[in-house]
Amino acid sequence: MNKEVVIIGGGIIGLSTAYYLQKEGHKVTVIDKSDFSSGASYVNAGYITPSHIIPLSAPGMITKGIKWMFNSESPFYVKPRLDADFLKWSWLFKKSATHQKVTKAIPVIKNINLFSRELYEELKSAKEFNFSYDHKGLLMYYQTEKAGEEEWDTGKKAIALGLKVENLTKAEVKKLEPNVDLNIKGAVYYHSDAHMTPTNFMQELKNYLQQNGVVIKSNEEVLDVHFENRIIKSLTTNTQEIKADEFVLSSGSWSQNFAKKLGITIPVQAGKGYSINTEKQTPIRTPAILMEAKVAVTPMQGFTRFAGTMEIGGINHEINQKRVNTIAKAAESYYKNISISIAEKQNAKCGLRPCSPDGLPYIGKSNKCKNLTIATGHAMMGWSLGPATGKLVTEVISEQKTSLNLNPFSVDRFS
């Protein structure tokens, strides 16, 4: 049965969901309080990452977090604050950071990433779009033996799950990157990963949706919800009242506030990340992560992007120039022939990634609301998991058997 569906949030998750819903014949409206030109979906590293099998809430992250808490230039920075939601999230993060829970999450994260990569490749081959998609893998560069050993431990776990991973010497890396002068000891090479240019795909996807009957409403902020007997009757926005059969909540770091209005608990904290674009031509061919600095490097269409940091500090879009400078400094430390200009650093952008306490997204319905499907909490994997999430949400709303088991992504797991 075709339904009228309203999607709250127009990032990669929201637009991917709209794509699959309209393919199933549903009547879809996407609303977003922005103008569909900014946010985490536009400034991310563009990775499709089956390699990222370890959730943020890994054993040892609490210790690192405390150590880095007093250093605003650190890769993972938590700003301490007396806020009930933050304190609850922190407690749940601590409970999730166990070897047992991480081991259980690893195959779940791998499977949904591979599923999403397949869907991206289907989109690319469907000839409806003309976006760049390169399956060149991901190089994890390390400058110290300790970082190399830690990453190779992860690499061996990935190999056990069926992914192709190699531990490369600096000389072997040179064959992949012949024109780059690297200050590294070696790299762990994940063949499974791919990369894209996010802004281009987002614009193409939005254009496609509009051309195929999806209503896109920008600068439309949800102010209130009319909710009775576990059913959303309507939304009140800054311009109108909106009714629908089904609603999808995919508003990233803002999702928790809407869910609260319905009595639904989905702990989410905004994890701010920064990106610097260098427009001049660089010799970088293969995406990489600079291990010690936790900086991502992506060759995109017409430019190279350097992105990084995870700053848990509430919802704000303030640019911390120290953190931007740290990303640039790391890039220049690993790539001897790369320099980032003052103007490029001053033009840095940030985005807020919605982080769940256990590193798994929320996908599905809550027992507390019959006609709301939630899709948020993807942290650094939002771009990677866009199509998979959109497909799964569509299957839920269309009352079909889902392509993956949704139990690990249960919306009510922290209730």
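## The start of helix H4

Asp 83 caps the N-terminal end of helix H4, with a side-chain oxygen 3.2 Å from the backbone nitrogen of Asp 85. This is a predicted model, where local features need pLDDT of at least 70 and side-chain atom pairs count only at pLDDT 80 or more, while totals for chains, interfaces and linings use all residues. Residues are numbered from 1 along each chain as its sequence is written, and side-chain values use heavy atoms, leaving out hydrogens and water.

## Two faces of H4

H4 runs over residues 84-96, and its 13 residues reach 18 Å from first C-alpha to last, close to the 18 Å expected at 1.5 Å a residue. (The expected span is 1.5 Å times one less than the number of residues.)

Which residues of H4 are buried? They are Phe 86, Trp 89, Leu 92, Phe 93 and Ser 96 (buried means under 20% relative accessible area, exposed over 50%, with a 1.4 Å probe and protein chains only). These residues cover an arc of only 130 degrees around the axis, which puts them on the same side of H4; the arc is that of the directions from the helix axis to the C-beta atoms. Turned away from this buried side is a face with the exposed residues Ala 84 and Trp 91.

## The nonpolar cores

The largest nonpolar core has 50 residues, and Val 30, Tyr 120, Phe 201 and Leu 209 have the most contacts inside it. Such a core is a set of buried Ala, Val, Leu, Ile, Met, Phe, Trp, Tyr and Cys residues joined through side-chain atoms within 4.5 Å. Helix H5 gives the most to this core, with 8 residues.

Methods
Helix = DSSP H or I, 4+ residues; strand = E, 2+ residues; numbered from the N terminus. Polar contact = N/O pair within 3.5 Å; in protein donor to acceptor, adjacent residues only side chain to side chain.
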